[in-house]
Amino acid sequence: AVYGGGADDRGRMVPPDNHVHSQWSWDALAGSMERTCARAVELGLPAVAFTEHADFAPWTLPPQFVPPEWQGFFSDGVLTPPPLDVAGYLECLERCQVRHPGLRIISGVELSEPHWYPAEATRLLESTGLERVLASVHSAPTADGRGFTEVSDRYEDQAPGEVVRAYLAEIGRLIERFPRFEILAHIDYPVRSWPAGAKPYDPHDFEDEYRHVLRMLAGAGKTLELSTKVPLHPEILTWWRQEGGRTITFASDAHHPDALAHGFREAARVASAAGFRAGRDPLEFWRCA
């Protein structure tokens, strides 16, 4: 187990997992809200936030990029994510809360590129009252500029550094143009698909770009996510604090129950070393000491 009994081996409270997906996310067909909640209880988590995907951009993708479980959303070279079934999702969440009264189950959403689709994103938020709102970028313009594709597809025609810089520039536009979110998800998303033959990823190569985005995020009063999907480089947390960032959340970005809170022990250590501390309330975001 990653954690047990609500605290780690030094007695520190276990942070909630604030970025989790279940079967209600179109790309998490192996997910299960019920089994994830049971896993959260087993690990001693005080809370879990199911931030299901609300993706609006269709992706133009090569067929080899589309796994079998996504074929139902793929036609004529374009993958069109289905809308989030909010009613079904909330009903399932309520059932899980009844079954696990000792676990705080937080409703939420991960809005992809909401600054491109502000009307749709705003309508979703205003009609649902979801508690935890993440904003993220997963998409990039296609090489011909006629559509969109998943960020990692751009490694096929762009140098890795160009992909990262374009991604961070888009994050800046998101922060500037769409204020209705609470947490920025996976600031290092392109690193997940870093090309095997490229120079090893080093965040210092993009320090100016990271600092610019972090400064914008802090100025907007938002929270930075410490994602453990690919462990966030500790230097980025240091830059976050130096640029005025005050709060962080912990996120596994789990799409399967077994991935819940993955890497949280090390992430908590890294966060503490960077000067962030848990509050008295285990549900609070960690704050800069």
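Tyr117 is buried (under 20% relative accessible area, with a 1.4 Å probe and protein chains only), as its relative accessible area is 17%. Welcome to a predicted model, where local features need pLDDT of at least 70, side-chain atom pairs count only at pLDDT 80 or more, and totals for chains, interfaces and linings use all residues. Residues are numbered from 1 along each chain as its sequence is written, and side-chain values use heavy atoms, leaving out hydrogens and water.

**Aromatic pairs**
- The structure holds twelve aromatic pairs, meaning rings of Phe, Tyr and Trp (its six-membered ring) with centres within 6.5 Å; planes under 30 degrees apart are stacked, over 60 edge-to-face and the rest tilted.
- The rings of Trp26 and Trp59 are edge-to-face, because their planes meet at 70°, with centres 6.2 Å apart.
- Both Trp26 and Trp59 are buried.
- Phe56 and Tyr117 form a tilted pair, since their planes are at 40°; the ring centres lie 5.7 Å apart.
- Phe56 counts as partly exposed at 24% relative accessibility, a class that runs between the buried limit and exposed, which is over 50%.
- One aromatic cluster is formed by Trp26, Trp59, Trp70 and Phe73.

**A charge over a ring**
- Lys222 has its charged end over the ring of Phe181, 4.9 Å from the ring centre (the rule is NZ of Lys or CZ of Arg within 6 Å of the centre and within 35 degrees of the ring normal).
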